[in-house]
Amino acid sequence: MSRREEILQKAMAIPNMPMPVQKVLAYIGNPDADLRQLAKIIEFDPGLTVNVLRMANSSFFGGGAKVSTVKEALMRLGLGRLYQLVIASGVAPLARYAIKGYGLRPGELLEHSVAVAVASETLARELGVTAPPYTFTAGLLVNIGKTVLGSFLEVDAAPIMTLAHERQISFEQAEELILGINHAELGALLLEKWGIPTPIVNVVRYRLRPDESPEPDLALDLVHVGDVIAKMTGIGMGIDGLQYMPSEAVFARLDISPQQMENVMVAILEQIAEVRDILMENTL
Amino acid sequence: MEIVVNISDMKVTNRARDILVTHALGSCLGLAAYDPVAGVAGLIHCLLPLARDNKVPVKNPFMYVNTGIPQMIRTMYGRGATRENLVLKAAGCGRMMHISNQFDTGASNIAALKKLLQVNEMRLSAEDVGGTIPRTMRLFADTGRIVISSCGRSWEL
């Protein structure tokens, strides 16, 4: 068996998201879904209830007067946003582990992932464009492949980094040479298997190489640059550091100015704590 | 005691047993200052080169090279350090591979530092900047020794 096949086989054995999350996702996928019924399903699970209320009351997602029931929270957040948040709270626990092989202490990868997600959405606001609704969740999930490799499969990333430095190639190219797969592709395959919607899977798959995406996608562009910005700030950075290649085409397409990029860096430092705490404290 | 300097943060100490440390320097600048005579040590972790808007007071001066570093050095003077004795060492300012110059925040950070030092007729005695590696920077307040760690290796600066 090749190293790639071995990694894929082990990764596919990782358990799916917690049951309450799967139930909610299945229900929202139903075309007749209604908010009242959905509120009941969520209220059945204390962890999910706390998460939904905290998100609706957070200044980043909600804002305004406090809501105290799941139904009110759903009205404020809307079905689309809720869907994203439920996925996020289902998958976030995976990012809380220490990713030893990738030089990350417990919580650091989650912090980095939150930084990517917040940067992607903040960038859209800064540019005056409307981020597709799945942007935030996709940003949060882009590093899930690192969790799988560095934590579940105990891959040691040090030789990967050495190879990347020696050959002056990007970290994910070196992952491919050594492991036969990079963390972006592996993450996408896992999320696909879990039935996560295709637009999110595609952002995860192409975020390091957006130029290879078969179709242009604003969310992908935003997350690509959001990831670059998060890496530069150093928040939750692993041993792979800045060993990645930003796409000039994406920077040109979004028409970003250096000032706008700096504004996003400042904003993520201010906002990351609130979002991280919501995802960190409530285990499902 | 190890004292952590966060992103956009600064710490000064005159306790010899302290170690000032800052983690995860990506494109950010870490600047260590040490006065061996007064035994005063300072470490700052700046996110960006310049606070641009002069009209609004800066919420956190340590976020920027041009506002944070003067404030750190003034704080150190307040604890007995002198300009003649200050030893300055810089680390960080990394860059993504092939990123275009206008988005190379690391290069802008080190350029802003050098300009600031030039205007004040001061200089760096050592620097470990650029490249793609993440850096952790430690300043030992007993001797002023600086240790940079990255990817499981450590070296003195």
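Here is a short tour of a two-chain model, one selection at a time.

Before you click anything, note that this is a predicted model, in which local features need pLDDT of at least 70, side-chain atom pairs count only at pLDDT 80 or more, and totals for chains, interfaces and linings use all residues. Residues are numbered from 1 along each chain as its sequence is written, while chains are lettered from A and ligands numbered from 1 in the order in which they are written.

**Stop 1: chain A**

Select chain A and switch to cartoon: you will find 15 helices and zero strands. Helices (H or I, at least four residues) and strands (E, at least two) are DSSP runs, numbered from the N terminus. The C-alpha trace of chain A spans about 55 × 45 × 35 Å along its principal axes. For 284 residues a compact globule would have a radius of gyration near 19 Å, and the 18 Å of chain A agrees. That radius is taken over C-alpha atoms, and the globule rule is 2.2 Å times the number of residues to the power 0.38.

Now colour chain A by burial: 52% of its 284 residues are buried. A residue is buried if 20 or more other C-beta atoms lie within 10 Å of its own, exposed if 12 or fewer, and partly exposed in between, with C-beta atoms placed from the backbone.

**Stop 2: α4 against α5**

Select residues 46-57 of chain A, helix α4, together with residues 70-91, helix α5; the two pack at an angle of about 110 degrees, with their axes 9 Å apart. Axes are lines fitted to C-alpha atoms, for helices over the stretch in contact, and angles run from 0 to 180 degrees between N-to-C directions. This makes α4(A) roughly perpendicular to α5(A). Angles under 35 degrees count as roughly parallel, over 145 as roughly antiparallel, 65 to 115 as roughly perpendicular and the rest as oblique.

Show side chains here: among the residues of α4(A) that meet α5(A) are L48(A), V52(A) and M55(A), and the α5(A) side includes L77(A), L82(A) and R76(A). Residues are in contact if their C-beta atoms, placed from the backbone, lie within 7 Å. By class, this contact has 11 nonpolar, three polar and one charged residues. Ala, Val, Leu, Ile, Met, Phe, Trp, Tyr, Cys and Pro count as nonpolar, Asp, Glu, Lys and Arg as charged, and the others, Gly among them, as polar.

**Stop 3: α6 against α13**

Next, pick residues 108-127 of chain A, helix α6, which packs with α13(A) at about 125 degrees, the axes lying 8 Å apart. Here α6(A) is oblique to α13(A). Look for H112(A) and L123(A), both among the α6(A) residues in this contact, and for D227(A) and I229(A), among those of α13(A). The classes are 10 nonpolar, four polar and one charged.

**Stop 4: where the chains meet**

Which residue numbers does the contact take from each chain? Chain A gives 26 residues and chain B gives 25 residues. On chain A, select α9 (158-167), α13 (218-233), α14 (248-254) and α15 (258-281), the elements that give two or more residues to the side touching chain B. The largest share, six residues, comes from α15(A). That side has 17 nonpolar, six polar and three charged residues.

**Stop 5: chain B**

Finish on chain B, with its two helices and 10 strands. From the N terminus on, its elements run β-β-β-β-β-α-β-α-β-β-β-β. Its C-alpha atoms fill a box of roughly 45 × 45 × 25 Å, taken along the principal axes, and 48% of its 157 residues count as buried.

Methods:
Two residues are in contact if their C-beta atoms, placed from the backbone, lie within 7 Å.
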